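Here is a friendly walk through one protein model. Have the sequence and the structure open side by side as you read.

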Amino acid sequence: MNNPPPTGPENPDAPIVAVTGAGGAIGGRVARRLARAGVPVRLLGRDPSRLPELPGTVAAPPAPYGDGEAMRRALAGAHTLFLVSAHESPYRVREHTTAVDAAVAVGVERIVYVSFLGAAPDATFTFARDHWHTEAHIRAADVRHTFLRDSLYLAGIPAMTGADGVLRGPGGDGRVAAVAHDDIADAAAAVLLADTEHADTRHDGVTYDLTGPEAFTLAEAAEELSRYTGRTVTYLPETREEAYASRTQYGAEDWEVAGWVTSYEAIATGEMATVSDAVPELTGHPATSLAAFLREHPDRYRHLLATD
């Protein structure tokens with residue numbers, strides 16, 4: 001691939017932050033926060049049409065994580081890489097490591113990686129294992145780094161609830177301290193700005209668990225959804241077999257269904273119950289609760305509202 005290098009309004013004398021997934025929920029939010037702060041930002045994304053138009057930013061040509069040459073071109077001259085994890089796939093770790101190697105090869109000094117809570121080689125949640133392997137590769141590289149381990153998204157709670165008003169899965173009585181996209185973006189921006197504005201290295205080598213302010217059960221989440229939707233929302237605990245069976249209708253591949261099911265099982269085992277104070281410490285404001293999120297984002301549960 002012979003993509004041209006990025007061109008645009010970047011200030012070559014200021015440290016450039018390359019933001020991946022800049023057309024998405026996390027990358028887009030982070031890019032907007034950095035642009036408002038006056039930081040030169042290079043936007044990376046699979047679909048250039050989805051990249052935001054922001055002052056002081058430039059869009060790089062499409063550079064899939066797994067294309068080392070394209071990533072090297074897109075990252076040349078950048079000081080920091082904000083690496084949002086790729087879409088789940090059987091090849092995600094390979095894509096991540098290729099992107100990391102490309103960054104190191106062109107002299108990127110720092111990587112801030114969006115990981116997942118409880119990342120471990122034997123994590124119950126299969127996708128969390130990908131994050132651990134990616135973290136391990138970054139640790140072994142000659143690059144400064146910070147890991148942001150997000151909990152499940154608060155937006156995922158209503159999304160996991162069917163239009164029939166049932167939140168079903170093998171989550172048992174376990175708890176999850178789900179976190180808001182905006183809180184993740186605020187925390188990430190704080191970490192990125194500490195170095196780009198003030199040459200502050202206190203976040204180097206640090207792993208932050210980014211969570212909401214409380215850990216709730218899925219039954220409690222259903223009760224909260226009931227209050228905001230005005231209808232009865234219930235939680236139906238499933239066995240593993242029931243969970244796989246109820247998801248066959250989507251026609252997804254086995255590895256993807258396993259990720260869906262094990263995300264609930266990680267709640268049941270207690271692996272998602274961590275409550276951290278990293279969001280308030282990094283951002284200076286409280287983390288968003290489920291009730292506050294539902295109050296502020298009625299569009300997220302629109303599919304649960306009764307229609308005539």
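Covering rests on contact, meaning heavy atoms within 4.5 Å. Helices (H or I, at least four residues) and strands (E, at least two) are DSSP runs, numbered from the N terminus. The model is predicted: local features need pLDDT of at least 70 and side-chain atom pairs count only at pLDDT 80 or more, while totals for chains, interfaces and linings use all residues. Residues are numbered from 1 along each chain as its sequence is written, and side-chain values use heavy atoms, with hydrogens and water left out.

Which residues of α4 are buried? They are Thr126, Phe127, Ala128, Asp130, His131, Thr134, Glu135 and Ile138. Buried means under 20% relative accessible area, exposed over 50%, and partly exposed in between (1.4 Å probe, protein chains only). The helix lies across β5, β6 and β9, at about 160 degrees to β5; axes are lines fitted to C-alpha atoms, for helices over the stretch in contact, and angles run from 0 to 180 degrees between N-to-C directions.

## The sheet

Seven strands form an open sheet in the order β3-β2-β1-β4-β5-β6-β9, with parallel pairing. Two strands pair if DSSP finds at least two bridges between them. At the edges stand β3 (57-59) and β9 (207-210), each with a single partner strand, so one side of each has no neighbour in the sheet. From one strand to the next, the twist averages 20 degrees.

Strands β1 (residues 17-19) and β2 (residues 41-43) pair in the parallel sense over three bridges. Alanine 18 has arginine 42 as its bridge partner in β2.

## Threonine 80

Strand β4 (residues 80-83) contains threonine 80. This threonine counts as buried because its relative accessibility is 0%. Leaving aside neighbours within four places in sequence, threonine 80 is in contact with residues including Ala18, Val108, Arg110 and Asp195.

## Nonpolar cores

A nonpolar core is a set of buried Ala, Val, Leu, Ile, Met, Phe, Trp, Tyr and Cys residues joined through side-chain atoms within 4.5 Å. Which members of the largest core touch the most other members? Of its 57 residues, they are Leu34, Phe82, Ile111 and Leu210. Helix α6 (residues 181-196) gives the most to this core, with seven residues. Apart from this core lies another, of 31 residues, among them Ala123, Ala180, Val233 and Tyr235.
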